[in-house]
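I opened this notebook to keep a record of what I looked up, in the order in which I looked it up.

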Amino acid sequence: VMAGAGGGTHTGNIIGGTDGVGTLDVNQNLVVTGSVGTAANTLASIDVAAAKTLDIRNGGNNTVEATSITLVNNATLTITPGTNTTTVTGDITGDTNEAAILVISNGNAGVVAFVGDVGTSSTTELITATTGGTNNQTVTVTGDWYVKTTDLDDLDVLQFKGSAAQTVSGVIEGVADRDGKIIVGDGTTASNVTFQSAIGGTNDIDDFQVLAAATANVSKNISLEGAAAASVDINGTLNIDSDANTVSIIESGAVSGAIDIDGTVAVSGANHVTFDVAATGGLAIDGTTALTTELDKGKDLALNAAGGVTIGVATTETTLIVGNRIDSTDAVTFGASGKNTNLNVRASTQFDPTDANGNGTAGQAGDEVLEASGNITVTGSVKVGIDSSSAPIPSGSVIHVMKSAGGTNLAGAIITDVANLADAKIL
């Protein structure tokens, strides 16, 4: 198909004569109102010439179906959704790296579902992907996402929900601060998504969620300015790897959302990791195994929240497996009436709990496993023990579990379990 020199329009579907046959070759700007390829009549390829735009506008449950979709040097694919779902099947690539553009235009509040990969590797990634605002579209992805910069507008949602492992490469940010939501999983699928770049770049996003059964793996910063009750909401698993750099999960809005962990967060790596909530927002940690930490020697996990850090308040039994020092600039509250928190210390080659700050001398200030600048309050109960996977701890060792510069209120009992500690002491 070659549109006229000034571009052209086509109303109706463009399909292959048989499944997998036919090429849509766009050499001038082209607007198509309808489907381009269908499930029964997939095109062999869609090719958009350099600096040209293929604009597909859909009013219902329409499709874009091709074995491959290639955007040549600075070509643009624009999808304008209808009120229902537009399904895009086929891998989208640029012919060269960082030279193709994807736009989800401001149509209706429909869904654009990408079934294939958007960019197939770090050498064929798109330069930008942008969503429209106002009508708040949802973009779902079941394949990989290789886009140098993705800009989400208003309350647009970018959801990764593949059944196979997914790679997300490139910065994802808001068009303005507090724009855009990222969701990992769909609540039932065991999605496993690895984010290779920062979330929240020049502009912070509004919301980051990991749904039940899903796993998100991050190794760069997540920056948010949320208006929701929980701008970071973890109901699945969040794995944080700080091997290459420090990692910070920051909620910085003036009207601050909160960080809510009801699933599992696992922290590992060679650098510090920080959770930080500004303004009045809090940091809540609850769950069967809510937190597992194993940073390298001398590296800390910081849990900071102007509205306070609460651990084990919402669930009957919450477990923390602590393999490095944890500190907080704010108040920390353990539990509520009838609630119990298990604080299981795990020694390793990288963490000696008698020398929690890792400076080589045990028993000094700063060697507490948990230290807070605000009050530490225990209103339920805390059971302190040695994790079953801990390295041996020598007899006679002394572990200083917690210290509060503002005072420690042990309204609930602290129960010690030293079954794996021989005759060492927990203080």
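How much space lies in the second largest cavity? I am working from a predicted model, and in it I find about 40 Å³ of space in the second largest cavity.

**Entry 1, the second largest cavity.** I looked up the lining and noted Ile104, Ala129, Thr130, Thr131, Val139, Trp145, Thr150 and Leu158. Sorted by class, these residues come to five nonpolar, three polar and no charged. I then asked which strands supply at least two residues each, and found strand E11, residues 126-131, and strand E13, residues 145-152. The largest share of this lining comes from E11, with three residues.

**Entry 2, the largest cavity.** Searching the whole structure, I find two cavities of 30 Å³ or more, and the largest has a volume of about 50 Å³. Its lining is made up of Leu303, Ile311, Leu320, Val322, Ile326, Phe334, Leu343, Val369 and Leu370. When I sorted this lining by class I counted nine nonpolar residues, no polar and no charged.

Which residues have the most contacts inside the largest nonpolar core? I find Trp145, Phe195 and Phe208, in a core of 95 residues. Strand E6, residues 63-71, gives the most to this core, with four residues. As background I noted that, in soluble globular proteins, nonpolar side chains tend to be buried together.

I finished with the chain as a whole, whose secondary structure comes to zero helices and 42 strands. The C-alpha trace spans about 85 × 40 × 35 Å along its principal axes. Of the 427 residues in the chain, 54% are buried, where buried stands for under 20% relative accessible area. The chain exposes about 15,500 Å², and carbon and sulfur atoms supply 49% of that area. For contacts between residues at least 6 apart in sequence, I noted that 66% join residues at least 24 apart.

Terms used: Residues are numbered from 1 along each chain as its sequence is written. This is a predicted model: local features need pLDDT of at least 70, side-chain atom pairs count only at pLDDT 80 or more; totals for chains, interfaces and linings use all residues. Side-chain values use heavy atoms; hydrogens and water are left out. On a 1 Å grid over the protein atoms alone, a cavity is a set of points where a 1.4 Å probe fits but cannot get out, and a pocket is an open set with protein on both sides within 12 Å along at least five of seven lines; lining residues have an atom within 4 Å of a point. Grid points are joined across faces, edges and corners, and a volume is the space filled by probe spheres set on the points. Ala, Val, Leu, Ile, Met, Phe, Trp, Tyr, Cys and Pro count as nonpolar, Asp, Glu, Lys and Arg as charged, and the others, Gly among them, as polar. A nonpolar core is a set of buried Ala, Val, Leu, Ile, Met, Phe, Trp, Tyr and Cys residues joined through side-chain atoms within 4.5 Å. Buried means under 20% relative accessible area, exposed over 50%, partly exposed in between (1.4 Å probe, protein chains only). Contact means heavy atoms within 4.5 Å. Accessible areas come from the Shrake-Rupley method with a 1.4 Å probe; for residues, only the protein chains shown count as cover.
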